[in-house]
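Dear colleague,

I am passing on to you the structure that we talked about, and below it you will find what came out of going through it. Please keep it open while you read.

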Amino acid sequence: MPDSRGILMHGGTNGGWTKGCILVNSSIDKTKARVFNLEESISTVYKIFDLMDQRRISNIKVIIRDEIN
């Protein structure tokens, strides 16, 4: 994803954190298409960073899929 797009991937606790960004989480309730529980978001982003450090990964490719519908 080009830096010029300015899309960040990070943790957050509610929908107010999502404008122009991708919030990570470890689970999703597919029955609630518009209401997400983000309680695990911040710990999930740290797990991703730790895994990247362990495997010495500095660049990743993000693929977005619609798994709700």
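Accessible areas come from the Shrake-Rupley method with a 1.4 Å probe, and for residues only the protein chains shown count as cover.

This is a predicted model, in which local features need pLDDT of at least 70 and side-chain atom pairs count only at pLDDT 80 or more, while totals for chains, interfaces and linings use all residues. Residues are numbered from 1 along each chain as its sequence is written, and side-chain values use heavy atoms, with hydrogens and water left out.

I57, I60, V62 and I64 make a nonpolar surface patch of about 350 Å². Of these, I64 lies in the segment after α1 (41-54) and is exposed (over 50% relative accessible area, whereas buried means under 20% and partly exposed lies in between), with a value of 66%.

The elements run β-β-α from the N terminus on, with helices (H or I, at least four residues) and strands (E, at least two) taken as DSSP runs numbered from the N terminus. In α1, the buried residues are S41, T44, V45 and M52. They cover an arc of only 100 degrees around the axis (taken from the directions from the helix axis to the C-beta atoms), so they sit on the same side of α1. These buried residues pack against β1 (8-10) and β2 (21-23), with contact meaning heavy atoms within 4.5 Å, whereas the face turned away from them carries the exposed residues Y46, K47, D53 and Q54.

Notes
Patch = residues over 30% accessible without salt bridge, like charges linked within 9 Å, V, L, I, M, F, W, Y side chains within 5 Å. Salt bridge = Lys/Arg side-chain N within 4 Å of Asp/Glu carboxyl O. Buried < 20%, exposed > 50% of the residue type's maximum accessible area, 1.4 Å probe, protein only.
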